[in-house]
Amino acid sequence: MPTFEEFLVWLGQEKNPRARTVELNIEAKSEELQPAYAPAPAVFAKMILDAVIKHGVADRSTIQSFDFRVLLMARKLSAAIRTSVLLEERPSKTLVEVMAKLGAQVLSMNERWLTQRDVLALHKAGYRVIPWTANDEAVWQRLADYGVDGIITDDPAGLFEFRARWVAQHDPK
């Protein structure tokens, strides 16, 4: 398994022109209750930012985390970096309130409790919605019908096939 740095080097050397346009969704694995498992939030955010800037991919990178401290530090260090709030459960505040408080651009929550009303409210407020982890066609169909901006899956090949069929059925041409 390559390190993040090794991956970014490979991406920069890759001959396929699509490598120059791929969007990076970088998850900062950090838990506030387990500080020994990851660098401190400020250090972690800086490490990620330094790497994406060094390799010229900051403009197509999003940092996501369940640890809001990492996201807040990333935004403090670089107002230009996109951040994505990962949520396991529905918060007591509205999703729009959570997003505004954290200054993030993307909400990635567990697909099981996402509703179409959530997607509409988040889109109206200018946020993108990319739920996780959807692994079957029925869920992909529901999320596509909701109008989500992307889907996190463990089955990218299956999702690509579904997307091709979905686009063919919904193409306005």
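Modeller: Start with the axes, which are lines fitted to C-alpha atoms, for helices over the stretch in contact, with angles from 0 to 180 degrees between N-to-C directions; here the axes of α6 and α7 come within 11 Å and cross at roughly 50°. That angle makes α6 oblique to α7, since under 35 degrees counts as roughly parallel, over 145 as roughly antiparallel, 65 to 115 as roughly perpendicular and the rest as oblique. This is a predicted model, in which local features need pLDDT of at least 70 and side-chain atom pairs count only at pLDDT 80 or more, while totals for chains, interfaces and linings use all residues. Residues are numbered from 1 along each chain as its sequence is written, and side-chain values use heavy atoms, leaving out hydrogens and water.

Biologist: Which residues of α6 and α7 meet?

Modeller: Contact means heavy atoms within 4.5 Å, and by that rule E137, W140, Q141, A144 and D145 in α6 meet G158, L159, F162, R165 and W166 in α7. By class, this contact has five nonpolar, two polar and three charged residues.

Biologist: Where is T153 found, and is T153 buried or exposed?

Modeller: T153 lies in the loop between α6 (137–146) and α7 (156–170). Buried means under 20% relative accessible area, exposed over 50%, and partly exposed in between (1.4 Å probe, protein chains only), so T153, at 17% relative accessibility, counts as buried.

Biologist: What does the side chain of T153 reach?

Modeller: The side chain of T153 reaches the backbone oxygen of A134 at 2.6 Å and the backbone nitrogen of D155 at 3.0 Å. Not counting residues up to four places away in sequence, T153 touches T133, A134, N135, W140 and L159.

Notes. Helix = DSSP H or I, 4+ residues; strand = E, 2+ residues; numbered from the N terminus. Polar contact = N/O pair within 3.5 Å; in protein donor to acceptor, adjacent residues only side chain to side chain. Nonpolar A, V, L, I, M, F, W, Y, C, P; charged D, E, K, R; others polar.
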